[in-house]
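Thanks for coming, everyone. I'll take the strands to start with, then the core, then the pocket. Here is the model.

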Amino acid sequence: MFRAGVSLDQLNAMSRNTAMEPLGIVFTELGADFLRGTMPVDARTHQPYGLLHGGASVLLAETLGSSAGGLCAPDGHGVVGIEINANHLRGVHSGIVTGTARPLHVGRSTQVWEIRIEDEAGRLVCISRLTLAVVPRG
């Protein structure tokens, strides 16, 4: 389902000098129908009470969903986020969280992605849904 010839190294290289780099987001796996990445839970991603900041979870979710969506866009097109929601289900104090983006709908003009973020024990931390518009590059 994804554009052929794209590697994790290429995806990670595109993250340099973006919001993903200082938060430590790394793409870790590109499967047949999913894109997975990790983010540390530390001072960079904490809110004032020492828990994973919900905004950091949303940034991870949008990074994974948008990147996966871009890999599904037809030649000459890209994607832009038009709506994202997130339910924060479990607090995390430290460690690594892993997000996995899977498509719910990949159409000609819109895409919808579900992103599950889990802690190191595999417990669901955040569930997010991202809607993307497919637009011509220009």
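**Strands, core and pocket**

Strand β2, residues 35-41, pairs with strand β4, residues 95-106, in the antiparallel sense over seven bridges. Pairing here means that DSSP finds at least two bridges between two strands. Elements are DSSP runs numbered from the N terminus: helices are H or I with at least four residues, strands are E with at least two. Keep in mind that this is a predicted model: local features need pLDDT of at least 70, side-chain atom pairs count only at pLDDT 80 or more, and totals for chains, interfaces and linings use all residues. Residues are numbered from 1 along each chain as its sequence is written, and side-chain values use heavy atoms, with hydrogens and water left out.

Back to β4. G95 in β4 is the bridge partner of V41. β4 also pairs with strand β5, residues 110-118, again antiparallel, over eight bridges. Three residues make the hairpin that joins β4 to β5. Across that pair, P103 stands opposite W113 in β5.

Now the core. In soluble globular proteins, nonpolar side chains tend to be buried together. A nonpolar core is a set of buried Ala, Val, Leu, Ile, Met, Phe, Trp, Tyr and Cys residues joined through side-chain atoms within 4.5 Å. Buried means under 20% relative accessible area, exposed over 50%, partly exposed in between, with a 1.4 Å probe and protein chains only. The largest core here has 30 residues, and L52, V97, W113, I115 and I117 touch the most other members. α2 (20-23), β2, α3, β4, β5 and β6 each give two or more residues to this core. The largest share, seven residues, comes from α3.

Take V97. Leaving aside neighbours within four places in sequence, V97 has contacts that include L52, L60 and I117. Contact means heavy atoms within 4.5 Å.

Next, T131, in strand β6, residues 124-136. Is T131 buried or exposed? T131 counts as buried because its relative accessibility is 17%. Beyond four places in sequence, T131 touches V80, G81, I82, E83, Q111 and V112.

Last, the largest pocket. Its lining has 18 residues, and L11, M14, S66, S67 and G70 lie nearest the centre. A pocket is an open set of points on a 1 Å grid over the protein atoms alone, where a 1.4 Å probe fits, with protein on both sides within 12 Å along at least five of seven lines; lining residues have an atom within 4 Å of a point. α3 gives the most to this lining, with seven residues.
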